Amino acid sequence: PQAVYNQMREHDPIWAGYGPNSGNRIWFFVDYEDVVAVLKNDKQFIKDARNLPPEVARRYTSDTPDPVFDAINRHLLGLDAPDHTRLRRLVHKVFTPRAIQALIPRIQAIADELLDQMAGQNEADLINAFTFPLPITVIAEMLGVEAAKRDQFKEWTTELLFGTDFEKSRIAAMSFVMYINELIERREHEDTGDILSGLVRAEEEGDKLNREELVSMVFLLLVAGHETTVNLMGNGMLTLMQHPQQFEMLKQQPDLMKSAVEEMLRYNGPVETPTTRLALETIDYKGHRIECGDVVLPSLLGANRDPLVFDDPNTFDITRSQNPHVAFGLGVHYCVGAPLARLEATIALTSLIARYPDMQLNTPVEALEWNPSLLIHGMKALPVRY
Ligand code: HEM
């Protein structure tokens, strides 16, 4: 997508079109300054269509609410203040820096186990063998999902994120809700000390998560943990294999891994645009008239290659010192999982490179298949030999 963003930046970094089905107007921003302006302005660019004036909200909300989707949509990314603020405080009570640090030995053990399993052969799909199972196992363990259910989760998540068949998505959502409810009920009976037990019990000024909010929160954590860190590591390894000098430098100096992960996030991050914003009112922005109810999509990948902010933005440089990328978003919806994602990627890629230092791409780069999503930027498979 970068070639398109660069072209847009040259011709018109603020672009508007119409949704193919809805007819709603959609704005697309690619410059850093504009992306930051939208993400930081949560008063005018909102998430929850129900907060729009009723005649505009009708374009986005249904007269006949669907209980299945409603049960998973009361989460942080679908809400504005004050509900968002309350939920966010609650999740921070359990997603603490200490809780994340405590995961280090387990993340290392999972990485080692997966690398052991790869030892029997000399080629693999790196996503299937390593970058997918690692973060999924971590988040699944944090939420008490049994190992036997994890393949099912992949199917449901794929259906919900990339599916085009409404009925199939609805069935996936329903299966998700039923299973999450089961998990919650188990934690209500027994506090196992994990993140889910914490969420079930979290209280802020007497304010608990209600059941819908809790189901939605677990849903969001599982989905957010499914397609993001996976692709940070997948896209990151692809980029390293395409830049042999940088790859070599990292092998020689493994302590560069932290800054390499930041550069992977900037150069080829896993989230293309964050979730949509809606203009709460008519806004004049740099000579453009954004109407109340218009959709706004700020491009994180576009912003991260803005030459006004990054020197040589199209160069992959793992020693880059000024790197204020926006791969995790910004403002009130800034990624809750950023510390976990950084930790997982640092541990996992350090171990991977130490174990298989000669890893190479095992297919022409043009043959790689990317997921057709504006939200997630990642490959369906990453064939490697080692
Ligand atoms: C929000 C990126 C991993 C949980 C976000 C947002 C971005 C993002 C861009 C903001 C979306 C928006 O403003 O519309 C990423 C990237 C990841 C990653 C690049 C990995 C490299 C994770 C993980 C978790 C997580 C591992 C949890 C296990 C969340 C949650 C939110 C969020 C709960 C919503 C925050 C809110 O609305 O207040 N993430 N994420 N993320 N992320 Fe992540």
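I began with the strands and found an open sheet of 3 strands in the order S4-S12-S11, with antiparallel pairing, where strands are DSSP runs of E with at least two residues and helices are runs of H or I with at least four, numbered from the N terminus. Two strands pair if DSSP finds at least two bridges between them. Strand S4 (123–125) and strand S11 (360–361) are the edge strands, each pairing on one side only. I then looked up the link from S11 to strand S12 (residues 383–385) and noted 2 bridges, with the strands running antiparallel; Leu361 has Val384 in S12 as its bridge partner.

I reminded myself that this is a predicted model, in which local features need pLDDT of at least 70 and side-chain atom pairs count only at pLDDT 80 or more, while totals for chains, interfaces and linings use all residues. Residues are numbered from 1 along each chain as its sequence is written.

Next I turned to the ligand, which 25 residues surround, the closest being Thr228, Pro274, Gly329, Cys335 and Gly337; a residue is near a molecule if its C-beta atom, placed from the backbone, lies within 6 Å of it. Helix H13 (211–227), helix H14 (229–242) and H18 each supply at least two residues of this shell, and H13 gives the most, with 4 residues. By class I noted 16 nonpolar, 8 polar and 1 charged residues in the shell, taking Ala, Val, Leu, Ile, Met, Phe, Trp, Tyr, Cys and Pro as nonpolar, Asp, Glu, Lys and Arg as charged, and the others, Gly among them, as polar.

I stayed with H13 and looked up Val215, which lies in that helix. Val215 counts as buried because it has 24 C-beta neighbours inside 10 Å, the cut-offs being 20 or more for buried, 12 or fewer for exposed, and partly exposed in between. Leaving aside neighbours within four places in sequence, I found Val215 in contact with Ala71, Ile72, Val177, Ile180 and Asn181, where contact needs C-beta atoms, placed from the backbone, within 7 Å. The C-alpha atoms of Val215 and Arg74 are separated by 8.4 Å, although these residues are 141 residues apart along the chain.

Last, I examined helix H16 (residues 257–268) and helix H18 (residues 338–355), whose axes come within 10 Å and cross at roughly 115°; axes are lines fitted to C-alpha atoms over the stretch in contact, with angles from 0 to 180 degrees between N-to-C directions. Met257, Lys258 and Val261 of H16 make the contact with Arg342, Ala345, Thr346, Leu349 and Thr350 of H18, and these residues divide into 4 nonpolar, 2 polar and 2 charged.

How values were computed: Two residues are in contact if their C-beta atoms, placed from the backbone, lie within 7 Å.
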